[in-house]
Amino acid sequence: MRHMKSTESTQNILQELDTEGAVIIDSLLSESLIEKIKNDLRPYLDASPDGINNFSGKSTKRIGALMARSPACRDLALNSLINELCSKFLEEFSDGYQLNFTQAIEISPSETTQPLHRDRGVWGNYLSRKIETQFSTVWAISDFTEANGATRIVPGSHKWEKDREATEKEIVFAEMPSGSVLLYGGSILHGGGANTTKSEKRLAVLIHYSLSWLRQEENQYLSCPPNIASQLPSELRSLMGYSLVNPILGFFSPHNKKGVELVSPKHLFDE
Ligand SMILES: O=C(O)CCC(=O)C(=O)O
Ligand SMILES: [Fe+2]
């Protein structure tokens, strides 16, 4: 897996994403933001049960609704380098992009490998593979090592025929220090790793963005309803879908507002 610095040109990062299908940007987050993220997430992780099968992971906790639950994770969603890369990565396929999915994933000792998959699978097989569906980020909140469950990636598999299976030799591990971020698209084969350590937990925050005309995988309006969204930066609300996509997609008709019809959800917040 290629590691790049955050000072690398966006063109070079996108070039690597195109050829290999994934890339790591090292050390983007400050120690203090990492601590804030851990503190925000801990009560929810502690209250969450493990998963129920080998995909969700029987020694793995997953929690969503991160924009509502974690002020520190909002900084990740809005990270300017990530948004610049995402915008360029998806611009060919849509008038814009949106927040698609937020999840913290904590992999504990004894977890086995998650089956390799392509994240675009959530939309079925209806879309041409020529259309990129998403831009995905996996933020390392703990260090990621092969032993503690670093994400497994199959470089190049975003250009493979759908049914080709990866051999063990073709799989690499997204090892990275905390504060780094793994980037990939909807078509690359990947999955969470096994945790073979005695006591280390691997903590990640996944923030995925998708084409603004696709149904969001995580329902952002229920995860972060208007009463909470009203306290967030306007830019983040727009990203979650409280906005129009040119010129009319996503309109609503406000209650009790005479003569106001087919407007942007921004009206909810008097914008
Ligand atoms: O936990 C990971 O490293 C990856 C998880 C993943 O790919 C998924 O749940 O879709
Ligand atoms: Fe995945």
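Residues are numbered from 1 along each chain as its sequence is written, while chains are lettered from A and ligands numbered from 1 in the order in which they are written. Because the model is predicted, local features need pLDDT of at least 70 and side-chain atom pairs count only at pLDDT 80 or more, whereas totals for chains, interfaces and linings use all residues.

Turning to the ligand, the shell around ligand 1 consists of Ile 105, Gln 114, Asp 119, Val 138, Thr 151, His 190, Gly 191, Gly 192 and Ala 204 (C-beta atom, placed from the backbone, within 6 Å). By class, this shell has three nonpolar, five polar and one charged (nonpolar: Ala, Val, Leu, Ile, Met, Phe, Trp, Tyr, Cys and Pro; charged: Asp, Glu, Lys and Arg; polar: the others, Gly among them).

The chain splits into domain 1 (3-240) and domain 2 (244-271), with bounds from an automatic or database domain assignment. Their centres, taken over C-alpha atoms, sit 31 Å apart. Eight residues from domain 1 and six residues from domain 2 make the contact (C-beta atoms, placed from the backbone, within 7 Å). On the domain 1 side, that comes to two nonpolar, four polar and two charged residues.

As for the helices (DSSP runs of H or I, at least four residues, numbered from the N terminus), the axes of H2 (residues 31-47) and H4 (residues 71-78) come within 7 Å and cross at roughly 125°. Axes here are lines fitted to C-alpha atoms over the stretch in contact, with angles from 0 to 180 degrees between N-to-C directions. H2 is therefore oblique to H4, given that angles under 35 degrees count as roughly parallel, over 145 as roughly antiparallel, 65 to 115 as roughly perpendicular and the rest as oblique. Leu 33, Lys 36, Ile 37 and Asp 40 of H2 meet Pro 71, Ala 72, Cys 73 and Asp 75 of H4, a contact with five nonpolar, no polar and three charged residues.

How values were computed:
Two residues are in contact if their C-beta atoms, placed from the backbone, lie within 7 Å. Helices (H or I, at least four residues) and strands (E, at least two) are DSSP runs, numbered from the N terminus.
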